[in-house]
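Me: I would like to go through this structure with you, one topic at a time. Could you keep the answers plain?

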Amino acid sequence: MLRLLIPLLLLAPAAWACDFPDSERASAPEWLCGEHQYEGAFHTAVGSKTRMPSISLQNRLAGRDAVSGVLRALFTDAVEKLQPQLSDVRLRVPDLDDIGVAKQFVGITVLAKAKSPQRQLFVLAGVPEAERQRLESVAWSLLMLQNRDAIVAARGGAAYEALAAQSQGEGSAGAPDGVSE
């Protein structure tokens, strides 16, 4: 059995390398392959934009795509934490394309960039460790605000206030605009 595994172990490092999605002419960075992990960052996401005449516009659009993915990850995490407590309420996520929502998340960082041989730009964005708790609290607060009416209708105002206080915890200093405490 061990004799059969040895050739697989020798080939494994070559199998772990990956190519850019649009070209096999070069190896992509590790963060572009698989889980998009980056040391010291959480809720990471990759955005991309195909070749454009304006490099600056390509940068902005790929970055916006990556930030949108980070927002999606933050809200998915918040829903996964809140939904078990509100099984009778179907939670709705705020519009992630709304610039007002995105402005609440100051601290999302572009971590890395890479260009493929076909000149497609890939951008990795995420939440640094220092900003993680604050931005998770902002996501929870906006999720609570978005679903306030449904939670109050299902559980009452006192239950909503208790959940809102629980969500703020010690990070209430970073509460988004429009969220009363």
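Me: Which residues does Val 127 touch, not counting residues up to four places away in sequence?
Reply: In this predicted model, Val 127 touches Gly 40, Ala 41, Phe 42, His 43, Val 70, Leu 74, Ile 108, Arg 132 and Leu 135.

Me: Where is Val 127 found, and is Val 127 buried or exposed?
Reply: Val 127 is found in strand S5. Its relative accessibility is 0%, so Val 127 counts as buried.

Me: What separates the C-alpha atoms of Val 127 and Gly 40?
Reply: Those two C-alpha atoms are separated by 8.5 Å, while the residues are 87 apart along the chain.

Me: Ile 108 was on that list. What is Ile 108 in contact with, leaving aside its neighbours within four places in sequence?
Reply: Ile 108 is in contact with Val 67, Val 70, Leu 71, Leu 74, Ala 125, Gly 126, Val 127 and Leu 135.

Me: And the largest nonpolar core: which residues touch the most other members?
Reply: That core has 31 residues, and those touching the most other members are Leu 74, Phe 75, Leu 82, Phe 105, Ile 108 and Met 144. At least two residues of this core come from each of H2, strand S5 (121-128), helix H4 (129-146) and helix H6 (157-168). H2 provides the largest share, 8 residues. Another core, of 11 residues, lies apart from this one and includes Cys 18, Phe 20, Ala 114 and Leu 124.

Me: Which parts does the pair of Phe 75 and Phe 105 tie together?
Reply: Phe 75 belongs to helix H2 (residues 55-82), and Phe 105 to the loop between helix H3 (99-103) and strand S4 (109-115), so the pair ties together parts 30 residues apart in sequence. Both Phe 75 and Phe 105 are buried.

Me: What about charges over rings? Which ring does the charged end of Arg 132 sit over?
Reply: The charged end of Arg 132 sits over the ring of Phe 42, 4.0 Å from its centre. Arg 132 and Phe 42 are also both among the residues that Val 127 touches. Likewise, Arg 148 has its charged end over the ring of Tyr 160, 4.9 Å from the centre of that ring.

Me: New topic: which cysteines does a disulfide join?
Reply: The count is 1 disulfide, and a disulfide joins Cys 18 to Cys 33, with an S to S distance of 1.6 Å. The angle about the S-S bond is -65°, and the link is left-handed. The pair links distant parts of the chain, 15 residues apart: Cys 18 is in the loop between helix H1 (2-16) and strand S1 (19-20), and Cys 33 is in the loop between strand S2 (23-27) and strand S3 (41-49).

Me: Why does Cys 18 count as buried, and why does Cys 33 count as partly exposed?
Reply: Buried requires under 20% relative accessible area. Cys 18 has 18% relative accessibility and therefore counts as buried. Cys 33 has 21%, so Cys 33 counts as partly exposed.

Me: Back to His 43. What is its phi?
Reply: His 43 has a positive phi of about 55°, although it is not a glycine. His 43 is found in strand S3 and, at 16% relative accessibility, counts as buried. Arg 119 also has a positive phi, near 70°; Arg 119 is found in the loop between S4 and S5 and counts as partly exposed at 45% relative accessibility.

Me: And Asp 77: what is Asp 77 in contact with, leaving aside its neighbours within four places in sequence?
Reply: Asp 77 is in contact with His 43 and Glu 136. Asp 77 is found in helix H2 and counts as buried, at 18% relative accessibility. Glu 136 is one of the buried residues of H4.

Me: Last one: how many helices and strands are in the chain?
Reply: There are 6 helices and 5 strands, and along the sequence they follow the pattern α-β-β-β-α-α-β-β-α-α-α. Of the 181 residues of the chain, 36% count as buried.

Note on methods:
Residues are numbered from 1 along each chain as its sequence is written. This is a predicted model: local features need pLDDT of at least 70, side-chain atom pairs count only at pLDDT 80 or more; totals for chains, interfaces and linings use all residues. Side-chain values use heavy atoms; hydrogens and water are left out. Helices (H or I, at least four residues) and strands (E, at least two) are DSSP runs, numbered from the N terminus. Buried means under 20% relative accessible area, exposed over 50%, partly exposed in between (1.4 Å probe, protein chains only). A charge sits over a ring if NZ of Lys or CZ of Arg is within 6 Å of the ring centre and within 35 degrees of the ring normal. A disulfide is a pair of cysteine sulfur atoms within 2.5 Å. A nonpolar core is a set of buried Ala, Val, Leu, Ile, Met, Phe, Trp, Tyr and Cys residues joined through side-chain atoms within 4.5 Å. Contact means heavy atoms within 4.5 Å.
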